Amino acid sequence: MALIEIIRNGQYVMGIWRVEETESQLKEFVGGTLFPGLDRITHPRRRLEWLAARTLIREFGYNNLVKYHPSRRPFLAFSKAHLSITHSYPLVAVIVSPSGYVGIDIESYSRPFSHVAHKYLSARENKWVELTDNKRLALIWSAKEALYKLPGMEGLSGTEMNIRPILNIEPSGVLSASVRLGGFVQQFKLHYTYVGYFNVVWVCFDPKSITL
């Protein structure tokens with residue numbers, strides 16, 4: 001059982017799984033004999049990621065089916081809890097909150113980001129981020145991906161989100177971000193951690209705290 005970490009607090013539960021099992025083993029973890037949706041996936045690794053995500057959800061204590069909004073944002077059937085899923089083989093991460101909006105993203109900082117930096121860095125970020133600093137570029141990318149997965153963020157581009165300067169990158173830490181939503185600017189706190197050369201970034205946001 002390749003569970004790397006579970007973080008539980010009063011706001012959310014977040015878990016990271018490293019896929020080391022066979023498909024049969026993961027099916028045993030999920031339980032049951034029916035796996036709605038799995039039959040539409042043909043790529044072997046993608047099938048393993050799908051099962052690992054459901055395994056984490058069971059670890060959290062939820063037995064609900066995962067369904068998808070038209071925007072492809074996942075949700076738990078017959079539950080008011082909010083859900084976000086991310087995967088970059090062999091890692092899968094899931095966050096669930098009973099009341100807060102959530103978003104999560106995994107990214108490998110071994111991937112090059114400088115050639116797409118102009119598509120997602122804000123004007124402010126361009127003033128402090130070096131295009132040779134791939135670790136910071138990956139962290140910013142993941143932070144914006146996590147924010148984009150929050151309800152209400154559809155249609156925003158990365159350049160409309162701003163991550164405050166990251167002075168030091170620690171094994172785990174907190175990021176500050178701001179997003180212009182209509183006529184106001186909303187502040188966000190995100191958390192991150194590292195698993196090897198992957199960064200995992202997640203956010204849990206109380207919709208009642210939206211600034212109007």
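Which residue stands opposite tryptophan 202 in β11? I looked this up in a predicted model. Histidine 191 is the residue that stands opposite tryptophan 202.

**Entry: the partners of β11**

I then checked which strands pair with β11. Strand β10 covers residues 184–195 and runs antiparallel to β11, with 6 bridges joining the two. Strand β7, residues 101–108, is also antiparallel to β11, and here I find 8 bridges.

The hairpin of β10 and β11 has 2 residues between the strands. Glycine 196 takes a positive phi near 60° there.

**Entry: the two faces of β11**

Is β11 buried or exposed? I find 8 of its 8 residues buried, so the strand, residues 198–205, is largely enclosed by the rest of the structure. In a regular strand the side chains alternate between the two faces of the sheet. I sorted β11 by direction: Phe198, Val200, Trp202 and Cys204 point one way. Asn199, Val201, Val203 and Phe205 point the other way.

**Entry: lysine 144**

I moved from tryptophan 202 to lysine 144. Their C-alpha atoms are 9.8 Å from each other, with the residues 58 apart along the chain. Lysine 144 lies in helix α5, residues 134–148. Its relative accessibility is 4%, so I count lysine 144 as buried; the cut-off is under 20%.

What does the side chain of lysine 144 reach? I find the backbone oxygen of tyrosine 120 at 2.5 Å. Leaving aside neighbours within four places in sequence, I list contacts of lysine 144 with residues including Tyr120, Leu121, Ser122 and Glu125. Gly158, Met161 and Ile163 are also among its contacts.

Key: Residues are numbered from 1 along each chain as its sequence is written. This is a predicted model: local features need pLDDT of at least 70, side-chain atom pairs count only at pLDDT 80 or more; totals for chains, interfaces and linings use all residues. Side-chain values use heavy atoms; hydrogens and water are left out. Helices (H or I, at least four residues) and strands (E, at least two) are DSSP runs, numbered from the N terminus. Buried means under 20% relative accessible area, exposed over 50%, partly exposed in between (1.4 Å probe, protein chains only). Contact means heavy atoms within 4.5 Å. A polar contact is a pair of N or O atoms within 3.5 Å; within protein, one must be able to donate a hydrogen and the other to accept it, and residues adjacent in sequence count only if both atoms are side-chain atoms. Two strands pair if DSSP finds at least two bridges between them.
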